[in-house]
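This report describes selected features of a protein chain, from its overall make-up to individual residues. The sequence and structure are shown first.

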Amino acid sequence: MIRLLPFVLHKLRRTPGSALAAWFGLFVAIAFAMSIPMYGDGALRQVAAHVLKQAEGGLAPASLLIKYQPRGTEPAEAADVTAAAAWLRGEWPAELGLPLLEFAERWSLRTANVRAEDAPNRFVRMRLAAQGDLEAAAELTRGRWMSAAPSAEPGGDPGGGPGEGGGGEIEAAVHEDALARNGWSVGERLVYETDGYGGARARVRVRLVGAFRPKDAGEARWHAFGDAPDALLLVSPEAFVGRFVEGREARLDAVSWYYAFDASELRSGQLRRVIEQLERADVRLAQRLEGTAVQLSFLDTMRAIRRENGALLAMLFALAAPSLALILYYTAANARQSLERQRADIAVLAGRGASPGQVVAAYAFESALLAATAFAAAVGAAWLLAQGIGSASGFLSFVRGRAFEAGLPPAAFLAGAATALLSVAANTLPALRHAKTSVVDFARERDAAADASSRFAPLADAAALAAALGGYALARSGAAPLAAGGGAASPFFALLPALFLFGGSLLVLRLFPRLAALLRRIREGRLAAPIYVTLAQLSRDSGQYRPVMLLLMMTIGMGVFDAAAARTLEANAIERILYRYGADAVLHPVWDGERDRRDIHKIYYTEPPFDRYRGLPGVAAEARVLRAEAKASAAGKPAGTAQLLALVNTEAADAAWLAERLFPVHPFLFLDALGSHPQAALVSERMAASLSLRPGDEFELRIGYEQTPVAFVVAGVIPYFPTLDPERGPFVVANLEYVFSEAPKFPYEIWLKMEPGAPLRPAVEKLVRDGLPLARVDDARGELVDRKNHPNHGGLQGILTMGFLLAIAITFAGYLGFWFFLLSRRTVQFGTLRAAGVTRRELIGMVLLEQALTAGLSIGCGLLLGNAAARLFLPLLEDAQGGAPPFRFVADGADGLRIVVVAAVMLAAGLLLVLRYMTRLRAHEAIKLGEER
């Protein structure tokens, strides 16, 4: 029985280079896999903020309302009610694990008739209730706060009478508006008639001792329970519980608890616990006190956060999958390379009685030991990677000082453990192939030059290319879209291009030895001996170059594709936002209007002076833009409802966002044509086609409430114009002043072009100070900032960048390991060449030529394949995007240059190390008896 630990430690000491290379691959793979859940946990706060902002309404987004209403004729035990109330005040919110922003508790009887004792025929409807922390939430305006004890004032009857409460008068306070509206005063005695138990009526005598005003009328405690503050008779909670819960003088209607939680700092562990607690809330509440249930919950909001965060993690893992696959391929290739060097050791172990299982166990134990140490070291590196993902603003671009706090969720350790197991399997499985090798078998197979994997290369590249093209057809048909909802990328976004690059790389590797052989034959007899030997080496033993060339091609190809994808998605997202708004900001002024006495739907608007909107701080240009719908027709032929955009051409030229690519010629030429005549108009291609219109033709629009007919002349046909979607129907761009001269005026928008970096708020504040109210303000730049801060954007850019950089690091390690392994195997060959008269300089030239041919071809093919994948698959995002403006593919040669520079620096560093190795190699001493080791 082999003692595994001493054997493995001895083996690691004897081959430190192979062990370090294997450990590095494990370390990078585990750290990268762990960084994704860490980023997702940190991004959960941003996801929560995004979802909570969408859920904002009258109450806080994370609001919870619980209500107890007695069931049946017999009331619950008072001890049960008060115990449940104490639990809901203390333990219940603590179990959710979220900070509590606001809490309110209300005990109440039913809304009933209330009258003053001296006015028996005048009733008002009010609710007698008790609310905790009233003195902290309101301020007295008259009188004093109520006490918990029954009133001892003259006139009180502690004994009560038939149908009356037996506790005497109860002190209450009311809102100051209720006091004034009902003509009451402090000291007033009221009678509150409500339901008792057993079908009886209860008459509660109330004495007003004070009036109050809420300190903050917007607090949820004043409107969360459904009653207006001025419809309440508020008594002290102690008096309420003693009289109506324990004393049962009147039938308890409800006890309600309102909570507003702070969910902006959510972590994944908290999210899971909150959802579980909210899902089981009704069951637990009913167990505590029958009749208690959740009336308002933020469970759907929490589920939406979990759903969006899950989609984010799925997108990140999908985008990281190709890079993770490259890293795992590196570990497997490194393991095979290491095993090739250790086949003699395996054969000796088998000859000394070691079983195949023991051999595999030894290598599995070695991989597990390396994986364990790599896992321990990867936690900190994963956190730094997650920080890097969060600070990415574009491909290979980072923002300094961006605040992002990565988390440390359990899912990160699960992802790291799963990656470690895959890596251990990738390192161990090649040992199964050699576990049964004996010394005789090793001697017989040692000189075999054929690479078994080459038999499967044609099948592998054909299968990968077929799968990629099949996926392309599915994506083209919409069955497998490359974009998911919310601007996220689907798994196909990374899978299909990776398959295409993999298949194309394998095809290049299959053609590579044939190309080298062709060059050798063409120049046979005219090549120097070192060059001839190099071409012969590349053509006859190309299998050994396959792993490092595949790594290089895939890394460069994915880098080119990722750069084009990041730039394309970013540019199209920005253009869609700007196209939807039309300008940097859009103001919606409030116009004064007067209704027609004979038709209330007809309004005569008064246009505010536009000059007062000029010269606003931070505004570079402004334009009036009227948006409306009109009925279009030409020569009596109707075209249905058309979108009308009326503007002043000179103003629009300065303020509107006009992209040249949206027009067949420069947009200013169309605006000049629009200003050539008052009746001139620009029509959409759809409208021109449906009405057979050409420049110079007349058509008619019926505008406004009265459908006033207005005649226009076609000045140009355009496919797009900002804010107008041709898929929604035909559109017309006309002159504003002409439309107002022919049809009644109605409110228009004001488009603003802001100075670079200027905030919008000062301009809005100046308009408010000048008495120009605004119904709404739309800020395109603010939406662009929100989009840039959205975790989907940062996650996509960051994961593409980090995946590429880690793939480069792995490729660099694989490149160095490959060449050192190759050079050590060819020591005898180099010694033979030196003995045949080849100089050291020629020998180094041979190695450099091999590197130039293999690395140069790999980088060049990677650039071509990456660009082909980008041009093939990225345009498919147009079908998923839809709408206007049209999707465009964006590629920048600078991206490819940066990728080549990164790869060149890597290769140059490797080249220097290889040269150092070659200069120290004593190849003339390598011819000796024995084997290469």
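Helices and strands are here taken as DSSP runs, numbered from the N terminus, with at least four residues (H or I) for a helix and at least two (E) for a strand. On that basis, serine 692 belongs to the loop between α21 (685-691) and β20 (698-703). The model is a predicted one.

**Overall make-up**

The protein chain contains 29 helices and 24 strands. Of its 933 residues, 51% count as buried. Among contacts in the chain with a separation of 6 or more, 81% are between residues 24 or more positions apart. The accessible surface of the protein chain comes to about 41500 Å², and carbon and sulfur atoms supply 56% of this area.

**Loop residues**

Serine 692 has a phi near 55°. Serine 692 counts as exposed because its relative accessibility is 56%, which is over the 50% cut-off. Arginine 248, also not a glycine, has a positive phi of about 55°. Its place is the loop between α7 (237-246) and β10 (252-261). Arginine 248 is partly exposed, at 33% relative accessibility.

Proline 99 lies in the loop between α4 (91-96) and β2 (100-109). With a relative accessibility of 43%, proline 99 is classed as partly exposed. Beyond its neighbours within four places in sequence, proline 99 makes contact with Ala260, Phe261 and Asp262. The C-alpha atoms of proline 99 and serine 264 are 9.6 Å apart, although 165 residues separate the two in sequence.

**Helix α13**

Threonine 419 is located in helix α13 (residues 410-434), and valine 424 lies in helix α13 as well. Threonine 419 has a relative accessible area of 8% and is therefore buried, the cut-off being under 20%. Valine 424, at 17% relative accessibility, also counts as buried.

When residues up to four places away in sequence are not counted, threonine 419 touches Ala29, Ile30 and Ala33. With the corresponding residues left out, valine 424 touches Leu26, Ala364, Ser367, Ala368 and Ala371. Valine 424 and phenylalanine 365 are 59 residues apart in sequence, with a C-alpha to C-alpha distance of 9.0 Å.

Helix α16 has 31 residues and spans 44 Å from its first C-alpha to its last, close to the 45 Å expected at 1.5 Å a residue. A bend of about 30° occurs in α16 at leucine 511, and proline 513 follows within four residues.

Leucine 515 is placed in helix α16 (residues 492-522). A nonpolar surface patch is formed by Leu515, Leu518, Leu519 and Ile522, which together have about 360 Å² of accessible area. What is the relative accessible area of leucine 515? The value is 43%, so leucine 515 is partly exposed.

**Accessibility of the residues described**

The table brings together the relative accessibility of the individual residues discussed above.

| Residue | Relative accessibility | Class |
|---|---|---|
| Proline 99 | 43% | partly exposed |
| Arginine 248 | 33% | partly exposed |
| Threonine 419 | 8% | buried |
| Valine 424 | 17% | buried |
| Leucine 515 | 43% | partly exposed |
| Serine 692 | 56% | exposed |

Definitions and conventions: Residues are numbered from 1 along each chain as its sequence is written. This is a predicted model: local features need pLDDT of at least 70, side-chain atom pairs count only at pLDDT 80 or more; totals for chains, interfaces and linings use all residues. Side-chain values use heavy atoms; hydrogens and water are left out. Buried means under 20% relative accessible area, exposed over 50%, partly exposed in between (1.4 Å probe, protein chains only). Contact means heavy atoms within 4.5 Å. Patches are made of residues with over 30% relative accessible area and no salt bridge: like charges are joined within 9 Å, nonpolar side chains (Val, Leu, Ile, Met, Phe, Trp, Tyr) within 5 Å. Accessible areas come from the Shrake-Rupley method with a 1.4 Å probe; for residues, only the protein chains shown count as cover. A salt bridge is a side-chain nitrogen of Lys or Arg within 4 Å of a carboxyl oxygen of Asp or Glu. The expected span of a helix is 1.5 Å times one less than its number of residues. The bend at a residue is the angle between axes fitted to the seven residues ending there and the seven starting there.
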